[in-house]
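Could you walk me through how to read a ligand site and a few backbone details in a model like this one?

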Amino acid sequence: MANIQDKIADLLKEVETSDINSLDQLEEFRIQFLGSKNILKPLFADLKSVPNKDKKLVGQQINSLKQAAQERFDQVKVSLEETGETKEKIDFSRPGEPKEIGARHPISIVRNEIISIFERIGYGVSEGPEVEDDWHNFSALNFPPEHPARDMQDTFFVEKGEREMALRTHTSSVQVRVMENNKPPIRTISPGRVYRNEAISARAHCFFHQVEGLFIDKDVSFADLKQTLLYFAQEMFGDKAKIRLRPSYFPFTEPSAEVDVSCTICNGDGCNVCKYTGWLEILGCGMVDPNVLTSAGIDPEEYSGFAFGMGIERIAQLKYRVNDLRLYSENDVRFLKQFKSAF
Ligand code: DAH
């Protein structure tokens with residue numbers, strides 16, 4: 001009995017006074033007092049030979065010893081951490097490893113620039129979901145069921161619970177959401193990612209980015225649309241940029257047009273980028289079809305508006321002369337770090 005209590009007292013003293021000045025010493029301490037083969041374990045064996053009446057007392061003494069060891073360990077650990085002892089020892093004479101500074105992705109740069117151009121003429125920014133229902137991606141945009149125009153865009157369908165949904169094929173879905181949730185006047189652009197079921201090549205990808213524009217008010221005319229797009233083209237590509245509109249078809253606009261900008265390489269003289277036409281296609285647009293206004297709860301007798309949609313990769317391609325779409329999503333740092341911009 002006295003014997004075991006002496007041992008406990010000795011060990012307690014050791015726990016309290018042993019030198020621990022480094023992480024290595026702390027680890028030794030841990031193995032000695034708290035590890036799986038720690039030196040307190042034999043005490044529990046010795047406890048068996050202690051007379052029954054003293055067992056409780058001696059048991060408690062062993063437990064307090066264990067607790068003291070744990071407390072010392074915790075406390076020294078904290079103080080070593082505070083003094084930085086746990087940090088790796090640093091060799092200040094080693095040569096540095098410079099960290100590369102990141103650059104904004106070209107798609108982000110162009111998106112931000114488009115946003116900034118339209119913000120200057122009073123447009124706000126709105127966003128919508130990438131997993132979209134049929135109503136917002138198609139029906140409300142005047143694509144009737146089974147209408148062949150739905151095939152203009154190869155759609156990825158997905159199931160969400162019981163419902164069949166689609167990955168949005170264009171950001172035009174966001175104009176519906178904005179019209180449903182806001183009263184005119186509306187002036188908004190909606191940047192975002194879109195998806196199409198296409199084989200990936202230099203000229204097509206299964207996802208890319210678009211910016212949708214929407215302007216709804218009283219007496220909005222086609223001339224307003226044209227002037228807005230000319231402003232955009234000149235801000236984006238320089239004062240000399242010209243635009244031309246060619247008649248086109250989209251279910252959600254009437255009339256519809258495709259817009260070309262004068263070639264950013266040859267200024268319209270003709271080169272291999274514009275295939276000697278002097279023009280490059282940049283976006284689709286038109287006057288919002290009255291059916292679309294009605295679907296979204298806006299009275300076409302009272303309001304009219306225009307919409308347009310452009311591909312961000314396409315604008316980036318013209319701005320940076322990068323004509324392989326795959327480069328934008330491969331995350332090759334050698335490619336990405338070339339783009340410096342204020343946006
Ligand atoms: N949603 C069309 C597309 O993805 C682009 C577009 C064309 C948007 C005309 C418009 C528009 O808002 O008026 O090809």
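Predicted model: local features only at pLDDT ≥ 70, side-chain atom pairs only at ≥ 80, totals over all residues.

Q: How many residues surround the ligand, and which are the closest?
A: A residue is near a molecule if one of its heavy atoms lies within 4 Å of it. Here 16 residues surround the ligand, and the closest are His170, Ser172, Arg196, Gln210 and Glu212. By class, the shell holds five nonpolar, nine polar and two charged residues. In that scheme Ala, Val, Leu, Ile, Met, Phe, Trp, Tyr, Cys and Pro are nonpolar, Asp, Glu, Lys and Arg are charged, and the others, Gly among them, are polar.

Q: Which polar side-chain atoms lie by a nitrogen or an oxygen atom of the ligand?
A: The idea to start from is the polar contact, a pair of N or O atoms within 3.5 Å; within protein, one must be able to donate a hydrogen and the other to accept it, and residues adjacent in sequence count only if both atoms are side-chain atoms. A polar side-chain atom of His170 lies 3.0 Å from a nitrogen atom of the ligand. For Gln210, a polar side-chain atom is 2.9 Å from a ligand oxygen atom. The backbone takes part in the list too: an N or O backbone atom of Ala307 lies 3.1 Å from an oxygen atom of the ligand.

Q: How much of the ligand does the protein bury?
A: Accessible areas come from the Shrake-Rupley method with a 1.4 Å probe; for residues, only the protein chains shown count as cover. Taken alone, the ligand exposes 360 Å², and the protein buries 91% of that.

Q: Is Thr253 buried or exposed?
A: Buried means under 20% relative accessible area, exposed over 50%, and partly exposed in between (1.4 Å probe, protein chains only). Thr253 counts as buried because its relative accessibility is 2%. This residue lies in strand β8 (residues 253-262), and its side chain makes a polar contact of 2.7 Å with the side chain of Ser256. Ile243, in strand β7 (residues 243-250), is also classed as buried, at 14%.

Q: Which peptide bonds are cis?
A: Most peptide bonds are trans, and most residues other than glycine have a negative phi. The bond from Pro184 to Pro185 is cis, with omega near 0°, and Pro185 is found in the loop between α7 and β5 (186-195). The bond from Glu254 to Pro255 is cis as well, with omega near -5°; Pro255 has its place in strand β8.

Q: Where is Lys275, and what is its phi?
A: Lys275 sits in the loop between β8 and β9. Its phi is positive, about 50°, although Lys275 is not a glycine. Lys275 is exposed, because its relative accessible area is 60%.

Notes. Residues numbered from 1 in each chain as written. Heavy atoms only, no water. Helix = DSSP H or I, 4+ residues; strand = E, 2+ residues; numbered from the N terminus.
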